Amino acid sequence: MKKRTIVVGTRQSQLALTQTGQVIDALKAICEEHALPYDFEIRKIVTKGDRILDVTLSKVGGKGLFVKEIEQAMLSGEIDMAVHSMKDMPSVLQEGLVTGAVPRRVDPRDALISRNGLSLDELPQGAKIGTSSLRRSSQLKKYRPDLKLEWIRGNIDSRLRKLETEGFDAIILAAAGLYRMGWEDRITSFLPVEVCLPAVGQGALGIECRESDEEVRHLLSLYNDRDTELTVAAERQFLRVLNGGCQVPIGAYATLVQEESGIGTGGARIELTGLVGTPDGRLVLKDVLTGEDPLKLGDEVAAKLISRGADEILAEVRE
Ligand SMILES: NCc1[nH]cc(CCC(=O)O)c1CC(=O)O
């Protein structure tokens, strides 16, 4: 029987290539298990975001830059699917495209990589910490106002290099990216979600495909993790309501919690924590609610924070 070759588009960064390879391996195993006749091929796509990595991305349009050209290639049929870090996925997909699968999430926490093996609490007064996210700097400043947060950019490997070459005492990276690269031995300690609430979708992937591609959609449905899909949906709805792009100090993390009483659906409820803070960490708003419907829950947590002034914080940051 003639096999269909499914073309998987990816950015060229090491992380993108690695996670695309890992997804293809998982899909191959599913094909084998379900006797599905597919082969896979990787197609690298250089996006505008990759070409201007050294420009302040927030000034030129943010994360959409990485995804737009990949979406275009999917719509034109050049590629059939694309693997994204959920964190980098746009909140609204282009017409004709869908999220075919949200695979099981890995560790959502941020990780501290320090030069001398010191934990966050052990770092000396005024230690210089490298991060490229207002969400991280806001929460770290709140926790340790003495720390000096400085901007560090580039891919994971270049950030790890800069820890040595640019005199940082520590840098913060998502644990997930380090695990996927096999570099978890660089992690000194994990920041508890109570100290540093992760970015929306951190640790999760999203696999995008054409809405009309029944074969790929069926294959991807076999790879979907319902729990991750539900919790990430709540986080992303929260972000959507707050109109958050990439460079805003917003965090959210949802988990499934067991229903307390025997009544009701008996199913799990979603617990969503949302956070908006000023970049200097002087004001950090946080709220947690539980609910059954992820979209409603995202709306409710966002509304709660807006009622406490989240909009004003975000308006100031966006200026
Ligand atoms: N913003 C860049 C980015 N996009 C996805 C990851 C890896 C973690 C993940 O998949 O959530 C990273 C690196 C980081 O934030 O340290």
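User: Strands pair if DSSP finds at least two bridges between them. Which residue of β7 is the bridge partner of G130?

Analyst: Heads-up: this is a predicted model, where local features need pLDDT of at least 70, side-chain atom pairs count only at pLDDT 80 or more, and totals for chains, interfaces and linings use all residues. Residues are numbered from 1 along each chain as its sequence is written. Across from G130, the partner in β7 is E150.

User: What's the strand order in the open sheet of five strands?

Analyst: Start at the edges: β7 (148–151) and β9 (189–191) each pair on one side only. The pairing is mixed, and the order reads β7-β6-β8-β5-β9.

User: Which elements give two or more residues to the shell around the ligand?

Analyst: That shell (C-beta, placed from the backbone, within 6 Å) consists of S85, K87, D88, I156, L173, A174, A176, G177, Q202 and G203. Two elements each put in two or more: β8 (170–174) and α7 (175–181).

User: Between which domains does the ligand lie?

Analyst: The domain bounds come from an automatic or database assignment. Two domains both give residues to the shell, so the ligand lies between domain 1 (4–103 + 204–224) and domain 2 (110–191).

Terms used. Helices (H or I, at least four residues) and strands (E, at least two) are DSSP runs, numbered from the N terminus.
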